[in-house]
Amino acid sequence: GLNFIDLMVRQGNIDNPPKTPVVPGFECSGIVEALGDSVKGFEIGDRVMAFVNYNAWAEVVCTPVEFVYKIPDDMSFSEAAAFPMNFVTAYMMLFEVANLREGMSVLVHSAGGGVGQAIAQLCSTVPNVTVFGTASSFKHEAIKDSVTHLFDRNADYVQEVKRISTDGVDIVLDCLCGENTGKGLSLLKPLGTYILYGSSNMVTGETKSFFSFAKSWWQVEKVNPIKLYEENKVIAGFSLLNLLFKQNRGGLVKIVMDKLLNLYNNKKIKPVVDSLWALEEVKEAMQRIHDRGNIGKLILDVEKAPTPLVS
């Protein structure tokens, strides 16, 4: 699976980027080829999906057993590669951090992306949840059925949300950062939760520009704890990769995966795959994410031949 975090890794916009040479990628699906001596619960030939701490974009991947899950019989390999990162992130933010319940309202940015679509689907499993989404206008036709109210990503969404819901929303899920942080906090109802789970505004152009990077951080309003207390607001952050690989919460993630696979088996959720790409086409695939061109998830398929360029 390709994720926005892979672009951030490529540009060095993360804490402690790995030393080169590095194989990127944090999730994959495939067939078990070999097992460690003490591994139980899996057999050679099993269809599985897995989290990997780098090295996922490869023909052969090695990862600890706690990060591996069996694929349901009717789930394809491409769906399985699109599943773990997006749906676990969406589920944990909505239900573990923000405590989504019946009748609440949610604002999600990049509603057409992999995480955005997972959030919209999971919100639909709870009665009467209103989803406000921002997305590029060319995506609106394709995703309009998945969210309640859809706004152009360049529009003044704060005014649009307030026009529909005067007192704002219960949950804001922000993958943009920058000036959107202050806007998101301003839209929160009392006891509402703002969650930052990415900073895609930090990814700029083809090369990393320190000045645009600094400007984006400078636009993040300094959060005043006294103001949070006076306004009864919650501000939170979420990083699935840190939870898995730095904070040893693989057991908690497994419980969430079990719930998600149950939802999948009951036809409540389904990964949206935008397109499949050969490994040789990774540059073009990353550019598609960079340009916000995708609806759902991009997948690297090691068995796919590159598409011939049309002269």
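This is a predicted model: local features need pLDDT of at least 70, side-chain atom pairs count only at pLDDT 80 or more; totals for chains, interfaces and linings use all residues.
Local features need pLDDT of at least 70 and side-chain atom pairs count only at pLDDT 80 or more, while totals for chains, interfaces and linings use all residues. Residues are numbered from 1 along each chain as its sequence is written, and side-chain values use heavy atoms, with hydrogens and water left out.

**View 1. Domain 1 and domain 2 of the protein chain.** Domain 1 covers 4-83 + 247-300 and domain 2 covers 87-242, with bounds from an automatic or database domain assignment. Their centres, taken over C-alpha atoms, are 24 Å apart. Domain 1 brings 31 residues to the contact and domain 2 brings 32 residues (contact: heavy atoms within 4.5 Å).

**View 2. Area buried between domain 1 and domain 2.** The buried area is about 2,700 Å², and carbon and sulfur atoms give 63% of it (accessible area, 1.4 Å probe, that two parts lose on being put together, summed over both). On the side of domain 1, Q11, R292 and I295 lose the most area to domain 2, together 23% of what that side buries.

**View 3. Polar contacts and helices at the interface of domain 1 and domain 2.** Between the domains, 6 residue pairs are in polar contact, both residues at pLDDT 80 or more (a pair of N or O atoms within 3.5 Å; within protein, one must be able to donate a hydrogen and the other to accept it, and residues adjacent in sequence count only if both atoms are side-chain atoms). Helix 1 (4-11), helix 11 (250-265) and helix 12 (282-290) each supply at least two residues of the domain 1 side (helices: DSSP runs of H or I, at least four residues, numbered from the N terminus). Helix 11 gives the most, with 7 residues.
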